[in-house]
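Student: I should like to examine how the structural terms applied to a model follow from their definitions. May we proceed term by term?

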Amino acid sequence: MARNEEKAQSMLNRFITMKEEEKKKPKERRPYLASECRDLAEADKWRQQIMREIGRKVTEIQNEGLGEHRLRDLNDEINKLIREKVHWERRIIELGGPNYTKYSAKMTDLDGNIVDVPNPGGRGPGYRYFGAAKKLPGVRELFEKPPELRKRRTRYDIYKRIDASYYGYRDEEDGILVKLEGPAEKKMRAAAVKEWMEMEEIKREAKKAVKSGEVVEVGLGSKILFEEEEDVIEEERMEREREEKDREKEYVVHVPLPDEKEIERMVVEHKKMELLSKYASEDLMEEQMEAKAMLNIQR
């Protein structure tokens with residue numbers, strides 16, 4: 001008995017559901033073109049519908065186990081819906097509604113950094129990747145930043161930043177260096193003056209000793225002798241340097257050179273031949289050569 005009542009109840013439920021569906025209006029389809037919509041509320045409704053569809057597909061694409069082909073298809077469908085959403089947002093602006101494009105979400109990489117995806121067409125967003133589609137082969141490389149190549153600096157770049165401060169001409173402008181160098185300069189100046197005074201005292205004592213014939217004190221005499229030794233050592237060093245330079249300038253001849261008499265004889269012979277060639281005829285020259293050959297005269 002209870003079984004028949006359950007069957008009747010289920011049939012009654014189906015009948016009531018069917019009647020309620022008959023009373024409802026036929027389900028409206030979203031217009032293919034956003035420009036066909038003339039009502040701002042309708043345009044906003046279709047935009048909200050597209051947003052819900054995008055949300056469902058973005059949730060579905062997070063599953064990495066769907067396979068490569070299914071992930072690519074879902075990513076294509078999401079990008080198609082995003083383009084359609086942009087058309088409806090543009091139509092809402094034309095109808096006097098709010099501008100939703102200012103609050104659109106940005107695309108991020110695997111680390112969560114915002115990535116700018118330009119559109120080659122110049123209108124609307126470019127192609128985007130969502131969820132597990134970012135880890136597909138060939139897509140991961142798009143989000144990886146190429147290693148930064150360190151550009152070699154040219155000579156122009158090196159000298160471009162060199163100014164007067166590089167050479168130390170502006171070191172005293174801040175006033176810090178002057179304060180630090182002041183005590184050191186005074187100390188060095190006092191030491192130089194003290195040394196000069198000692199040398200002057202040594203010279204005066206030496207002059208007095210020379211005039212009076214007395215022996216100079218050991219300390220002062222040692223300083224004078226030390227200076228004289230330095231002068232002698234310096235002179236010897238300079239003398240050795242001059243000798244080395246002179247030795248380098250010497251030129252060794254490996255062939256016998258004619259002496260002055262031989263050079264003088266050759267010059268006279270050359271002048272004689274010039275005079276003979278100028279004033280004597282060829283016949284006379286030939287006769288002279290024959291006579292020398294007969295007499296066995298070499299000159």
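Tutor: The questions below take up the terms one after another.

Tutor: This is a predicted model, in which local features need pLDDT of at least 70 and side-chain atom pairs count only at pLDDT 80 or more, while totals for chains, interfaces and linings use all residues. Residues are numbered from 1 along each chain as its sequence is written, and side-chain values use heavy atoms, with hydrogens and water left out.

Student: What makes up the secondary structure of the chain?

Tutor: It comes to nine helices and two strands, in the order α-α-α-β-β-α-α-α-α-α-α from the N terminus. Helices (H or I, at least four residues) and strands (E, at least two) are DSSP runs, numbered from the N terminus.

Student: How do you know that the span of helix H3 agrees with expectation?

Tutor: The expected span of a helix is 1.5 Å times one less than its number of residues. Helix H3, residues 68–94, has 27 residues and should therefore span 39 Å; its end C-alpha atoms are 40 Å apart, which agrees. H3 is followed by Gly 96, whose phi is positive, near 95°.

Student: Trp 88 is found in helix H3. Why is Trp 88 counted as buried?

Tutor: Buried means under 20% relative accessible area, exposed over 50%, and partly exposed in between (1.4 Å probe, protein chains only). Trp 88 has 1% relative accessibility and therefore counts as buried. Of the 299 residues of the chain, 14% count as buried. The C-alpha atom of Trp 88 is separated by 9.9 Å from that of Lys 45, 43 residues apart along the chain.

Student: What makes helix H9 hardly covered?

Tutor: The count of buried residues among the 14 residues of H9 is zero. This helix, residues 282–295, reaches 20 Å from its first C-alpha to its last, close to the 20 Å expected at 1.5 Å a residue. H9 is followed by Asn 296, whose phi is positive, near 60°.

Student: Why is the contact between Glu 42 and Lys 45 called a salt bridge?

Tutor: A salt bridge is a side-chain nitrogen of Lys or Arg within 4 Å of a carboxyl oxygen of Asp or Glu. The closest N and O atoms of Glu 42 and Lys 45 are 3.2 Å apart, and the pair forms a salt bridge. By this rule the count comes to 15 salt bridges.

Student: How are Glu 42 and Lys 45 placed in helix H2?

Tutor: Because they are three residues apart in helix H2 (residues 40–60), they are separated by about one helical turn. An α-helix has 3.6 residues a turn, so residues three or four places apart point the same way. Glu 42, at 27% relative accessibility, counts as partly exposed, and Lys 45, at 35%, also counts as partly exposed.

Student: Which salt bridge is formed by Glu 201?

Tutor: The side chains of Glu 201 and Arg 204 meet in a salt bridge at 2.7 Å, N to O. Both lie in helix H6, three residues apart, about one turn of the helix. At 34% relative accessibility Glu 201 counts as partly exposed, as does Arg 204 with 42%.

Student: What makes the salt bridge of Glu 64 and Lys 135 a tie between parts apart in sequence?

Tutor: The closest N and O atoms of Glu 64 and Lys 135 are 3.0 Å apart. Glu 64 lies in the loop between H2 and H3, and Lys 135 in the loop between strand E2 (114–115) and helix H4 (140–143), so the pair ties together parts that are 71 residues apart in sequence. Glu 64 is exposed, with a relative accessible area of 52%, whereas Lys 135, at 42%, counts as partly exposed.

Student: Which residues are linked in a network of salt bridges?

Tutor: The network links Arg 30, Glu 53 and Glu 84.

Student: Which residues form the nonpolar patch on the surface?

Tutor: Leu 12, Phe 15, Ile 16 and Met 18 form it, with about 350 Å² of accessible area together. Patches are made of residues with over 30% relative accessible area and no salt bridge: like charges are joined within 9 Å, nonpolar side chains (Val, Leu, Ile, Met, Phe, Trp, Tyr) within 5 Å. Accessible areas come from the Shrake-Rupley method with a 1.4 Å probe, and for residues only the protein chains shown count as cover. Leu 12 is found in helix H1 (residues 2–23) and, at 41% relative accessibility, counts as partly exposed.
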